[in-house]
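This briefing is meant to be read beside the sequence and the coordinates. Please keep both at hand while going through the points.

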Amino acid sequence: MNATVVMILALALGTYAFRLVGPALHGRVQIPARVQELASAGAVVLLTALLATGALTENGGFAGWARPAGVLVAGVLAWKKAPFVVVVVGAAAVTAALRAAGLG
């Protein structure tokens, strides 16, 4: 077995173990409210960082203005509780229009 297969199996077992721990420990371990608040805030920070790097970078450099503008439009439409199809089509339309204008 090569190292790649071993690492994939280790990650698969670790993922499965994490999925089992939740139901197994439910009700037995009390997590303080402060820890729950910090975990929620940490999740928001990580998702924001992922969104920023995905929207702003491509191949180690700036992705251009079209992609961040499309993400911004999608965020605003989602915040306004627009239907999912409207969010996707609106973001794609803004991105396509800006790329067609040469800002992409």
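The notes below cover helix packing, salt bridges, surface features and backbone angles.

The structure is a predicted model, in which local features need pLDDT of at least 70 and side-chain atom pairs count only at pLDDT 80 or more, whereas totals for chains, interfaces and linings use all residues. Residues are numbered from 1 along each chain as its sequence is written, and side-chain values use heavy atoms, with hydrogens and water left out.

**Helix packing**

- Helix α2 (residues 33–56) and helix α3 (residues 66–79) have axes that come within 8 Å and cross at roughly 140 degrees, which makes α2 oblique to α3 (angles under 35 degrees count as roughly parallel, over 145 as roughly antiparallel, 65 to 115 as roughly perpendicular and the rest as oblique).
- These axes are lines fitted to C-alpha atoms, for helices over the stretch in contact, and the angles run from 0 to 180 degrees between N-to-C directions; helices (H or I, at least four residues) and strands (E, at least two) are DSSP runs, numbered from the N terminus.
- On the α2 side L51, G54, A55 and L56 meet R67, P68 and V71 of α3, where contact means heavy atoms within 4.5 Å.

**Salt bridges**

- The whole structure holds two salt bridges, each defined as a side-chain nitrogen of Lys or Arg within 4 Å of a carboxyl oxygen of Asp or Glu.
- In one of them R34 pairs with E37, with the closest N and O atoms 3.7 Å apart; because R34 and E37 lie three residues apart in helix α2, they are separated by about one helical turn.
- R34 is exposed at a relative accessible area of 54%, while E37 is partly exposed at 48% (buried means under 20% relative accessible area, exposed over 50%, partly exposed in between, with a 1.4 Å probe and protein chains only).
- E58 and R67 also form a salt bridge through their side chains (2.6 Å, N to O), with E58 partly exposed at 40% and R67 partly exposed at 22%.

**Surface and backbone**

- L25, which is placed in helix α1 (residues 3–25), is partly exposed, with a relative accessible area of 39%.
- N59, in the loop between β1 (57–58) and β2 (61–62), has a positive phi near 55 degrees although it is a residue other than glycine, and N59 is exposed at 80% relative accessible area.
- K81, in the loop between α3 and α4 (84–100), likewise has a positive phi, near 65 degrees, and K81 counts as exposed at 73% relative accessibility.
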